[in-house]
Amino acid sequence: MLQQRLDRIRNITPAVLPSLLQCDFGDLRGELERLTKAGVEGLHLDVMDGHFVPNLSYGMPIVAGLRRWTDMPLDVHLMISDPAAYIDAFADAGADMLTFHIEAVENPLAIIDQIHRHGIVAGVAINPDTPMDRLDGCVEATDAVLVMSVKAGFGGQAFRPEAIERLKSLREAYPDLLLEVDGGIKEETIGDCRQAGCDLFVVGSAIFGQSDYQTAVSRLRDLL
Ligand SMILES: O=C(CO)[C@@H](O)[C@H](O)COP(=O)(O)O
Ligand SMILES: [Fe+2]
């Protein structure tokens, strides 16, 4: 199952993954239809607990609801203090990829193992102010690294260019690692991230701030 999910995600790369944080939650199904029509091939779901980050978003029911309506890969970004306590529930909800923050855990290898036991793709996220050596010892075990190009917590922040060097150095050191970038990705920033070797591009405001998702998505994809 893990290998199938990993292959499926690899097969859609390079991919624009809309972050649903800023979508219209009063019309979630309509948003999903519009994104599907726009040619989107995966979704990024931001889970925030009001503790690891000051913001609060949504949890398993939204993931489970979306799972009923689409078979697109669901990439769940856990911005929560205790990922170990919720991984089983997000697996039951239908996540395909579960990414936790390195800043939140003491034993990343145990969390990666817990995610893998469910046959789910594992990702480790790192905030811009966290030294890269915090990832030492776990990059070899994980499937993906999510390089945050804003401090996790809110949509609509400005891209932090130091993410580019981080992507480049990870790509050089780990040619097969799935690389994802998240925060401030738009037409002006997506091309540099692609050139740095990134595979998955999370986009919030640059899609949901536009009236026409199809045009927004295809212009971003053209830059990949
Ligand atoms: O994880 C996060 C924020 O913490 C993101 O996924 C944002 O939702 C991306 O939004 P934009 O920066 O593209 O507006
Ligand atoms: Fe995110």
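This passage describes the overall fold and two annotated positions of a predicted model.

Residues are numbered from 1 along each chain as its sequence is written, and chains are lettered from A and ligands numbered from 1 in the order in which they are written. In this predicted model, local features need pLDDT of at least 70, side-chain atom pairs count only at pLDDT 80 or more, and totals for chains, interfaces and linings use all residues.

Confidence comes first. The mean pLDDT (the predictor's confidence in each residue, from 0 to 100) is 98, and 100% of the residues reach 70 or more. The model scores ipTM 0.99 and pTM 0.98.

The chain holds nine helices and eight strands, taken as DSSP runs (helices H or I, at least four residues; strands E, at least two) and numbered from the N terminus. Of its 224 residues, 44% count as buried, meaning that 20 or more other C-beta atoms, placed from the backbone, lie within 10 Å of the residue's own; 12 or fewer make a residue exposed, and values in between partly exposed.

Gly 183 lies in the loop between strand E7 (178-182) and helix H7 (187-195), and is buried because 27 other C-beta atoms lie within 10 Å. Beyond four places in sequence, Gly 183 contacts (C-beta atoms within 7 Å) Met 148, Ser 149, Val 150, Gln 157 and Phe 159.

Ser 205, in helix H8 (residues 205-208), has 16 C-beta neighbours inside 10 Å and so counts as partly exposed. Setting aside neighbours within four places in sequence, Ser 205 is in contact with Gln 22, Gly 155 and Gly 156.

Technical notes: Contact = placed C-beta atoms within 7 Å.
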